[in-house]
Amino acid sequence: MKGERSHIRKLWGIVVLSVLSLQLSLSHAQPRLRQPEFYLGAHGGVSAGTVLFNPAESDMTPITKACVLGGNGGFVFRYAGHKYCHFQMELNYEHRGWVQSGNAHSLHYIELPILMHLNFGGPVCRWFFNLGPQIGYCVKDESSTITHPFDWGLAAGTGLLFRTKKAGTYHLEIRYDFSLGGVFGTTVTDKYTMANPMDLSINLGWVMPVR
């Protein structure tokens, strides 16, 4: 069991490094803009989160009854040095948690995603895709249950953005976040081999060029 857990951690480490390598390779493969562009803005929305336990908890099925509904929001910084591949960093608040035996365990995180932002389409409406790692910290545990407040994982999202001439760019995104760090210990002496938060969110955002 110990060897299996070590193998899983190494596998996820390879996944994160592969995502970072993909970000770098795609950015270098794109044509550069004559003048780099910088954007600042904000976004917010609603989310549904739960925790993936292994061994699974029988009182957390189906998964729709194990989800905590909450809100999220934050600030967006985007650097566009290439035509289609941009760099995006965010500072977010995220309401996470899970429901077990009818009791909600609410967790409040501050998160820092570092994302590759790809977008394609016309001058007004464009499809985009966000992918990258993120780190976070649980600043409030309402039920005082978790033992590991630090979080790290992967975020992936897709949606549409609409560009205006004077009012900035608006976007609608569906994003999935999966934590690679557990809210409880997952060593050989602990109850769980996995205790990973995950959530699905729908966000509306706006960014404005600053240069």
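**Figure 1. The largest nonpolar core of the predicted model.** Of the 13 residues in the largest nonpolar core, those that touch the most other members are Phe53, Trp98, Leu107, Tyr109, Ile146, Val183 and Phe184. Strands E1 and E4 each supply at least two residues of this core. A nonpolar core is a set of buried Ala, Val, Leu, Ile, Met, Phe, Trp, Tyr and Cys residues joined through side-chain atoms within 4.5 Å. Buried means under 20% relative accessible area, exposed over 50%, and partly exposed in between (1.4 Å probe, protein chains only). Strands (E, at least two residues) and helices (H or I, at least four) are DSSP runs numbered from the N terminus. Ile146 is in contact (heavy atoms within 4.5 Å) with Trp98, Leu107, Tyr109, Cys138, Asp141, Val183 and Phe184, leaving aside neighbours within four places in sequence. In soluble globular proteins, nonpolar side chains tend to be buried together.

This is a predicted model, with residues numbered from 1 along each chain as its sequence is written. Local features need pLDDT of at least 70, side-chain atom pairs count only at pLDDT 80 or more, totals for chains, interfaces and linings use all residues, and side-chain values use heavy atoms, with hydrogens and water left out.

**Figure 2. Confidence along the protein chain.** The mean pLDDT (the predictor's confidence in each residue, from 0 to 100) is 86, and 83% of the residues score at least 70. Confidence is highest in strand E7 (residues 169-179), at a mean of 96, and lowest in helix H1 (residues 2-29), at 54. Over residues 1-5 the pLDDT is below 50, and this stretch has 8 contacts in the model beyond near neighbours in sequence. Where pLDDT is low, the predicted coordinates should not be read in detail.

Figure 3. His108 belongs to strand E4 (residues 103-121) and is buried, at 11% relative accessible area. Its side chain makes a polar contact of 2.7 Å with that of Glu142. A polar contact is a pair of N or O atoms within 3.5 Å; within protein, one must be able to donate a hydrogen and the other to accept it, and residues adjacent in sequence count only if both atoms are side-chain atoms. Not counting residues up to four places away in sequence, His108 also touches others, including Tyr93, Glu94 and His95. Ser47, in strand E1 (residues 32-54), is buried, with a relative accessible area of 5%. The side chains of Ser47 and Glu94 are joined by a polar contact of 3.3 Å.

Figure 4. A cis peptide bond, with omega about 5 degrees, joins Asn54 and Pro55; Pro55 lies in the loop between E1 and strand E2 (68-82). Ser101, in the loop between strand E3 (85-100) and E4, has a positive phi near 55 degrees and is partly exposed, at 49% relative accessibility. Ser144 has a positive phi near 50 degrees and is exposed, at 63%; Ser144 sits in the loop between strand E5 (125-141) and strand E6 (150-163).

**Figure 5. The largest cavity.** A cavity is a set of points, on a 1 Å grid over the protein atoms alone, where a 1.4 Å probe fits but cannot get out; lining residues have an atom within 4 Å of a point. The largest cavity holds about 60 Å³ of space. Its lining residues include His43, Asn72, Glu94, Arg175 and Asp177. E3 gives the most to this lining, with 3 residues.

Definitions and conventions:
1 Å grid on protein atoms, 1.4 Å probe; cavity = no way out; pocket = protein on both sides within 12 Å on 5 of 7 lines; lining within 4 Å. Points joined across faces, edges and corners; volume = space filled by probe spheres on them.
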